[in-house]
Amino acid sequence: PHYALLSLQNSASELTGPVFGQNDIDPLDNDLIRNYAKTGDPIGERIIVHGRVLDENARPVPNTLVEIWQANAGGRYRHRKDTYLAPIDPNFGGCGRTLTDEQGCYVFRTVKPGAYPWRNWVNNWRPAHIHFSVFGSAFAQRLITQMYFEGDPLIANCPIVRTIPDPRAIDQLVAALDLNATIPLDSIAYKFDIVLRGQRSTYFENRPEGN
Amino acid sequence: MVQKFDYLKESPSQTAGPYVHIGLAPGDAGFDIYRQELGHDIIGPNAKGERITVDGIVTDGTGAPVKDVLIEIWQANAAGVYAGAGKVEQGFRGWGRVIPDFETGEWAFETIKPGPVMGRSGRIMAPHISLWLVARGINIGLNTRMYFADEDKANAADPVLNLIEQQHRRATLIAKRETRKGASVYRFDIRLQGENETVFFDI
C-alpha cells in the first residue's frame, strides 16, 4: 500500500482468534521425513527443528497451531509453479503442522532445505529456510515468517532478509545449532523460538478498578 | 542506571512467498498430504443466519490480479459471537482460508452474514468480516475489514469506519450486494495500491 495503515484500538474482532484441536491434525503431520514417504526416506540432512512459541512477556503460547513448509534438500519445492531444474524428491512433500504443548513447545522432524535461485536480481539465491505460520490466541497475533540456519553465508545477501532493517531482528530469525537436542547417529537439531505480540489483560478501561 | 526492560521483541514478519500453498493449502499446490486441510469450512453444518457467498479479486498497483494471494477470514456468528469467546453453534469455527484461481485471480468463500459485535466503550460495530492477506511481495500480512452495503445505518455508526478521515476511502471496505440465481453474493475487490486503494489496518 501507498497509504499509511490505519491504527486500530483492538476490539473483540482482533482479540479473539481461531482455536484448533488435536482432531484437526494427525500425529504424523509434524514428521516431514515420514508424512509423504512413498518408497523410503527422503534424501538430505536429517534435522529436528524445535522451539517454543512465546509472547512478548516471555509467557508460553500453548495449544497454538504452527504450520511449516519448505523446499527439499536440493532447493526444489513440490509446487506446480516451481520450475527449478533441481529434481523433486519422490519421498518428500515439504509441509508439516503441529500444536504447541502446555509449555508452548513444538517439534518437527525434516530434512534441511537447500538454497535456491529466484528471479529478482539475475544472481539471487535464497538462503536455506523454512517458512513458519503461527496463530497465537488472537487474530492480531497472526504471523508468517521464515527461519534461517546459523552460519549460512547467504543470509547477509538476501534482499528478503534485508527487508528487515534491524540486524538484531534478523538474528531473531536465525535458528541456532542445538547439539543438546540432537539424536546421536540419527539427526542434528536446530532451536527456533518464536515471539508473538504481547498479551495482557485490559487495564482501567471504563472501570474504576484495575485488572 | 535505570532498570532494563525484560520484554521480548516480536519475531519479525517475512513474506509468505509464492509457494505459500505448499504449507497452507497443499491440495492447491498439487499434492495431497493431509487427511483434512483446514479453513475450507468456516461455519459448520449448524450455523444460523443468512447464507452468503463473498467473492472478489485482489489487484496490485498496476491493476493486475494477484494470483498467489492467500486470504484468511475471521468472523462472528449471526448473533455477533466469536468462536472461543462465547457460545456458538456446534461446528462453527468462524475462520477460513481461501486462495484465488491460479489463472484468473478470482476467489470466493461461502459463509453466513455475521451479526453486529460489541466494540470498545460499549459501541456496537456494524457487521463485518476481518480479512488477512499474505502473498509474494507482501512483507507483513495486511489486515482489512469487509462491511456490507445493505447495512447503511449500522455502517454510518460504526466506530472503525468512522476512524477513516477521508469519507470516500470508507467505500473501499464496503462489499456490494448482488443476487445471482437466488443466492446472496457480496462482491469485495481489494486494491493493494494506487487508485481506490483499500484501507488497511494496523491492528
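## Exercises on rings, pockets and cavities

In this predicted model, the charged end of Arg142(A) sits over the ring of Phe135(A), 3.8 Å from the ring centre. Let us start from there.

**Exercise 1. Find which ring the charged end of Lys112(A) sits over, and give the distance to the ring centre.**

Solution. Step 1: go to Lys112(A) and look at the charged end of its side chain.

**Exercise 2. Classify the aromatic pair of Phe20(A) and Trp95(B), and say where each partner is placed.**

Solution. Step 1: over all chains, the count comes to 16 aromatic pairs. Step 3: the pair crosses between chains. Phe20(A) belongs to the loop between helix H1 (12-15) and strand E2 (46-55) of chain A, while Trp95(B) is in strand E3 (residues 95-98) of chain B. Step 4: Phe20(A) and Trp95(B) are buried.

**Exercise 3. Explain why the pair of Trp107(B) and Phe109(B) is put in the class it has.**

Solution. Step 1: the ring centres of Trp107(B) and Phe109(B) are 6.1 Å apart. Step 2: the planes are at 10 degrees, so the pair is stacked; the cut-off for this class is under 30 degrees. Step 3: Trp107(B) and Phe109(B) are both buried.

While you are looking at rings, find one aromatic cluster in chain A, formed by Tyr106(A), Phe108(A), Phe132(A) and Phe192(A).

**Exercise 4. Decide whether Ala58(A) and Lys181(B) are buried, partly exposed or exposed.**

Solution. Step 1: recall that buried means under 20% relative accessible area and exposed means over 50%, with partly exposed in between. Step 2: Ala58(A) has 39% relative accessibility, so this residue counts as partly exposed. Step 3: Lys181(B) has a relative accessible area of 90%, so Lys181(B) is exposed. Step 4: now check the backbone. Phi is positive at Ala58(A), near 65 degrees, and also at Lys181(B), near 50 degrees. Ala58(A) is in the loop between E2 and strand E3 (65-69) of chain A; Lys181(B) is in the loop between strand E9 (174-180) and strand E10 (183-187) of chain B.

**Exercise 5. Describe the largest pocket by its volume and its lining.**

Solution. Step 1: the volume is about 850 Å³. Step 2: the lining has 34 residues, and Trp118(A), Arg119(A), Pro18(B), Tyr19(B) and Arg136(B) lie nearest the centre. Step 3: sorted by class, these lining residues are 14 nonpolar, 13 polar and seven charged. Step 4: in chain A, strand E6 (116-118) and strand E7 (124-126) each supply at least two lining residues.

**Exercise 6. Work out which elements give two or more residues to the lining of the largest cavity.**

Solution. Step 1: the structure holds three cavities of 30 Å³ or more, and the largest has a volume of about 50 Å³. Step 2: its lining includes Ser13(A), Glu14(A), Leu131(B) and Thr144(B). Step 3: the elements are H1 of chain A, and strand E7 (128-134) and strand E8 (142-148) of chain B. E8(B) gives the most, with three residues. Step 4: by class, the lining divides into five nonpolar, four polar and two charged residues.

How values were computed
Residues numbered from 1 in each chain as written. Chains lettered and ligands numbered in written order. Predicted model: local features only at pLDDT ≥ 70, side-chain atom pairs only at ≥ 80, totals over all residues. Heavy atoms only, no water. 1 Å grid on protein atoms, 1.4 Å probe; cavity = no way out; pocket = protein on both sides within 12 Å on 5 of 7 lines; lining within 4 Å. Points joined across faces, edges and corners; volume = space filled by probe spheres on them. Helix = DSSP H or I, 4+ residues; strand = E, 2+ residues; numbered from the N terminus. Nonpolar A, V, L, I, M, F, W, Y, C, P; charged D, E, K, R; others polar. Phe/Tyr/Trp six-rings, centres within 6.5 Å; stacked < 30°, edge-to-face > 60°. Buried < 20%, exposed > 50% of the residue type's maximum accessible area, 1.4 Å probe, protein only. Lys NZ or Arg CZ within 6 Å of the ring centre and 35° of its normal.
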